[in-house]
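Q: I have a model open and would like to go through it piece by piece. Can you take my questions as they come?

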Amino acid sequence: MTDKASVDLHGAAQTMLTTLYLKALDADFDRPVLGDRYAREAIGRLEYDWSDLGITRRWAPLVTVRSAQYDLWAAQFLAAHPESTVVHMGCGLDSRVFRLDPGPGVQWYDLDYPAVIALREKIYPTRPRYHLVPASATDPAWLDRIPADRPVLVLAEGISMYLTEHDGVALLRRIVDRFPSGELQIDFYNWFGIRTQKTHTLVRRSGSTLYWAVNRPGDVLSQVPGLRLLCAVPFFDASTFHRASRAFRVARRLTRVVPPVRRSLQYHRYAFGPVMLHR
Ligand SMILES: C[S@@+](CC[C@H](N)C(=O)[O-])C[C@H]1O[C@@H](n2cnc3c(N)ncnc32)[C@H](O)[C@@H]1O
């Protein structure tokens, strides 16, 4: 008998096992990119044969550079908005709420499919002002449960590509309509990332399909009125990339001459609502 939580996930929901596992491996590096000790502890609470993922530690920066970049941007938002709401869509088993440990003025909502949220409940403790939302992000009903009385940070890391463009755009429009002001921090694959999806171990092993390609911020801005671009960087230019392994730093040099590859993974940051000047 074991008291570990068993895992039975398929398709897009299963992909968060790979991101969790790579974060756990990174935590044991001499020079971690993210240093997520919660991920390391979490994998020990799950009954799962991690070799089934077919992924090794050298790929960890693909995930940890991104999570570290969004931790940084989210921390900036929280510093500027100590009274705010965070909605973390497609949270998987990511431990951001523990890593950032937001103050008493922040209500935090972690949203994912019900099967993923059920697993979260088994392996992470609860905390004050922390809420779990078991729903598909594309279901319009969950938004009504999120109070719209404060600035909101909507985080969507590693989820957009699993949505169709139609559903993704509709979701972003609903978010901008629902909240008076806030930020949207979201990552995308470009056409190259989507077209080469069968070469991604994570996609193949999970049986998931990637749909929505975004090549530049203009693709989003032209379809979601009210958004303003704050920043957009490809994986290789993220401010957290310098912590990645030497192999990735070499790849960075090589991809300079192949722009679609260089821009295959993009991190975007948008604002909406009235422009707030902080003194
Ligand atoms: C690649 S994982 C990323 C997990 C986490 N954000 C991270 O970086 O570790 C993708 C996550 O998006 C979730 N997801 C995909 N489509 C979704 C949808 N329509 N509604 C809610 N969650 C979704 C999956 O269940 C999974 O947890």
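Predicted model: local features only at pLDDT ≥ 70, side-chain atom pairs only at ≥ 80, totals over all residues.

Q: On to the ligand. Which residues come nearest?
A: Lys23, Gly90, Asp112, Ala137 and Glu157 come nearest, out of 23 residues around the ligand.

Q: What does Lys23 do there at the atom level?
A: Lys23 places a polar side-chain atom 2.8 Å from an oxygen atom of the ligand. Arg66 also has a polar side-chain atom by a ligand oxygen, at 3.5 Å.

Q: How much of the ligand's accessible area does the protein cover?
A: The ligand has 590 Å² of accessible area on its own, and the protein covers 98% of that.

Q: Which element gives the most to the shell?
A: Helix H1 does, with four residues. H1 spans 15-27, and both H1 and strand E4 (106-112) supply at least two residues of the shell around the ligand.

Q: How do the shell residues divide into nonpolar, polar and charged?
A: There are 12 nonpolar, six polar and five charged residues in the shell around the ligand.

Q: One more from Gly90: how far is its C-alpha from that of Val220?
A: The two C-alpha atoms are separated by 19 Å, and the residues are 130 apart along the chain. Val220 belongs to helix H9, residues 217-221.

Q: Is Val220 buried or exposed?
A: Val220 counts as buried, since its relative accessibility is 2%, against a cut-off of under 20%.

Q: Switching to rings. How many aromatic pairs are there in the whole structure?
A: The search finds 14 aromatic pairs. One of them is Phe235 with Phe241, edge-to-face, at 5.3 Å centre to centre and 90° between the planes.

Q: Why does that pair count as edge-to-face?
A: Because the planes of Phe235 and Phe241 are 90° apart, and planes over 60 degrees apart count as edge-to-face.

Q: Which residues do the ring pairs link into a cluster?
A: Trp59, Phe235, Phe236, Phe241 and Phe248 are linked that way.

Q: What lies over the face of Tyr38?
A: Arg37 does, at 4.4 Å from the ring centre.

Q: Backbone next. What is the phi of Asp101?
A: Phi of Asp101 is positive, about 45°, although the residue is not a glycine. Most residues other than glycine have a negative phi. Asp101 is in the loop between helix H4 (96-100) and E4.

Q: What about Arg129, where does that lie and what is its phi?
A: Arg129 lies in the loop between helix H5 (114-123) and strand E5 (130-134). Its phi is near 60°, again a positive value in a residue other than glycine. Arg129 is partly exposed, with a relative accessible area of 33%.

Q: Back to the loop between H4 and E4: is Pro102 buried or exposed?
A: Pro102, which has its place in that loop, counts as buried at 12% relative accessibility.

Q: Last one. Where is Gln197?
A: Gln197 is in the loop between helix H7 (191-195) and helix H8 (201-206). At 9% relative accessibility, Gln197 counts as buried.

Q: What lies 3.1 Å from a polar atom of the Gln197 side chain?
A: The backbone oxygen of Ile194 lies at that distance.

Note on methods: Residues numbered from 1 in each chain as written. Heavy atoms only, no water. Phe/Tyr/Trp six-rings, centres within 6.5 Å; stacked < 30°, edge-to-face > 60°. Lys NZ or Arg CZ within 6 Å of the ring centre and 35° of its normal. Near = heavy atom within 4 Å. Polar contact = N/O pair within 3.5 Å; in protein donor to acceptor, adjacent residues only side chain to side chain. Areas by Shrake-Rupley, 256 points an atom, 1.4 Å probe, with all protein chains shown as cover. Nonpolar A, V, L, I, M, F, W, Y, C, P; charged D, E, K, R; others polar. Buried < 20%, exposed > 50% of the residue type's maximum accessible area, 1.4 Å probe, protein only.
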